[in-house]
Amino acid sequence: MIEIVNLKKRFGKQQVLTGLSLRVFNKELVAVIGQSGGGKSVLLKHLIGIIRPDEGKILIEGVDITEVGGKELDSVREKFGVVFQEGALFDSFTIHENIAFPLREKTRMGKDEIDARVAQALEDVGLKEMGGKYPAEISGGMKRRVALARALITEPKIVLFDEPTTGLDPIISSSIHKLITKTHKKYGFTGLIISHEIPEIFEVADKIAMLYNGTIIETGPPEEFRHSDNPYVQQFISGSLEGPIELL
Amino acid sequence: MTIYDVTACIRLIGAWFLSLLRGLGHMFLFLLDALVTIFRPPFKFKMLMRQIRFLGSKSMVVILLTGSFTGMVLSLQIYYTLRKFGSEALLGPAVALSIIRELGPVLSALMVTGRAGSALTAEIGIMKITEQIDALTSMALNPIRYLIVPNIVAALIVFPLLTSIFDLIGIYGGYFVGVKLLGLSAGTYFSQMETFVKMEDIRAGLYKALSFGVIVSWVCCYKGYYTGYGAEGVSKATTSAVVMSSVLILIWDYFLGTVLLK
C-alpha cells in the first residue's frame, strides 16, 4: 500500500505541494489528474525518493521513505517499476538491452533466462521483432511500450506511470491504456498513473484523484468522480475556461 | 555614495561569495562521492572499456596531429633562437623538455577536453533531461557508479597514455624539422636529449597528465549531471564544462609547475 500524508514541498518561492494526502491500496490502480505544472510529476519523484519533501510522510508498505536513505531506500525502490514521461530508455542500449538491464544488474539470472523473459515481455507489449533496434529508431508509442516492458520485467509490486500517453495520437494512447489495463490484470501490481487524459483515464483506473493547488481535492471511483458536484472537478473534466480553476 | 549603497554592495559581494563557496562545495562532494564509489564493488568493467575507447582511442588522431605539429613548430622556433647563441646542439633537449614537462600534458588535456569532454557533458546532460538518470535511480542503481566512475577511471588510464604518445610524436616532429629540414645531426639531437632529460621530468609530466585526467572527467561529468533544462541547458553546460576544464588545467599546471614539481 502507498500512503502519502500531508506532503509539502516548496521550490524557491513556489509552494508546489501544500499538504497532499492520498492512499493507494494494494492492487488498486489510481490515476492522479490535474493541471500541467500542478505538481503531479513532483509527486511521483517524491514516491521514488528522487525529491525529498519539506514536510509529510510517504509510507510504502509501512516504510516511511522520507526517513530512510542508502540501502534501505534502495530496497524500497526495488519494489517499484517506473514508466517515465518520454520512456527514459537508455539511448546507447538496444530495446532488448534496455529491458534486460534491470534483470542483468539486480538479479543473478543467466543470459538464457534473461533472454527468454525479455522475449516474453516484448511479446506482451506487442513488439516481438523489435529487440535489436535502438530507441532512436522507434516511434514515441513504441518507446512507451518498451518502457512499460522494462518497468514490469522485474515483476514489481508497485508501478508508477508518469503521463504515459503524453504527446501520442488518440489511437496509440488508447492502445497504451489498454496495455496498462491488460498488464495490471496479468501482474496484479499496485499502480499510480499521473495523467490528464480525460475521459480515457476513467476507463483505466479504479480510482481517480484530482490534484489542485498542491493538494488532492477529490477522490473516488470513476463514475462517482464523473458526477461529482465539486466545481473544480467539473471544470477540469469539461475542459472549460469558465470556472474556479486559475490558469497556471 | 550613501551608507545604504555601501551596505548593499557588500551584501551583493557576500551573496556572490557564498554562492561560489556553495557551488565549489557541491562540486567537491560530487568528486568525493565518485572517488569513494570507485573502490566499492560491483565494478563496471564493460562501461570502463567503453569509456576508455571513447576518451582514448577516439582521441588518437587529434593527439597525433597536435603532437607532431607542436614538435615541428617548437623545433623551428627554438632552432633559430639557439642559433643566435651558437647552441643548436641543445635543440633536442630543449624540444624534449618543453614537450615532456609542459606542452605534452597540457595540450593533450586541452585537446581531449575539446574533443571528448564536451561530448561527455552533452551525453550525461541529455541523459539527465530525458530522465535516464532518474530511471537508473528508480531501479535502485547508483548513477554515479554507472556514469561517473567509469569516466574518471578511464581518464586516469587514458590521459597519461595519450600524453606519452603526444610526447613521443612531438619529439619526432622536432627531429623531422631539426634534423631533416634544418640539417642538425641526428646523433646530436638524441644524445643531448639523453644527457638532459631526467626520469623525474618524465614523471612530472605524467603526474600532471593524471591530475588533468581527474580535472577534465570531474568537471565535464559534474556539468552534465547538473545541467539546466532543455537544449539550452545542455548547451550552456557543455560550454561551461570546456571553459572551466581548460582554465583549471592551466591554473593547476602553473601550480604544479611552481609549487609541487620544481
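**Two crossing helices and two chains**

Helices α1(B) and α6(B) are roughly perpendicular to each other, because their packing angle is about 85° and angles of 65 to 115 degrees count as roughly perpendicular (under 35 is roughly parallel, over 145 roughly antiparallel, the rest oblique). The model is predicted, so local features need pLDDT of at least 70 and side-chain atom pairs count only at pLDDT 80 or more, while totals for chains, interfaces and linings use all residues. Residues are numbered from 1 along each chain as its sequence is written, and chains are lettered from A and ligands numbered from 1 in the order in which they are written.

Helix α1 of chain B covers residues 3-38, helix α6 of chain B covers residues 143-181, and their axes are 9 Å apart. Axes are lines fitted to C-alpha atoms, for helices over the stretch in contact, and angles run from 0 to 180 degrees between N-to-C directions. Helices (H or I, at least four residues) and strands (E, at least two) are DSSP runs, numbered from the N terminus.

On the α1(B) side of this contact stand B:D33, B:A34, B:T37 and B:I38. They meet B:I144, B:R145, B:I148, B:V149, B:I152 and B:V153 of α6(B). Contact requires C-beta atoms, placed from the backbone, within 7 Å. Seven residues of this contact are nonpolar, one is polar and two are charged. Here Ala, Val, Leu, Ile, Met, Phe, Trp, Tyr, Cys and Pro count as nonpolar, Asp, Glu, Lys and Arg as charged, and the others, Gly among them, as polar.

Chain B as a whole has nine helices and zero strands. Its C-alpha atoms fill a box of roughly 65 × 60 × 30 Å along the principal axes. Among contacts in chain B with a separation of 6 or more, 87% join residues 24 or more positions apart.

Chain A consists of domain 1 (2-79 + 156-238) and domain 2 (92-154). Their C-alpha centres lie 25 Å apart. Twelve residues of domain 1 of chain A are in contact with eleven residues of domain 2 of chain A. Helix α6 of chain A (residues 170-187) supplies six residues of the domain 1 side, the largest share. That side of domain 1 of chain A has eight nonpolar, three polar and one charged residue.

Definitions and conventions. Two residues are in contact if their C-beta atoms, placed from the backbone, lie within 7 Å. Domain bounds come from an automatic or database domain assignment.
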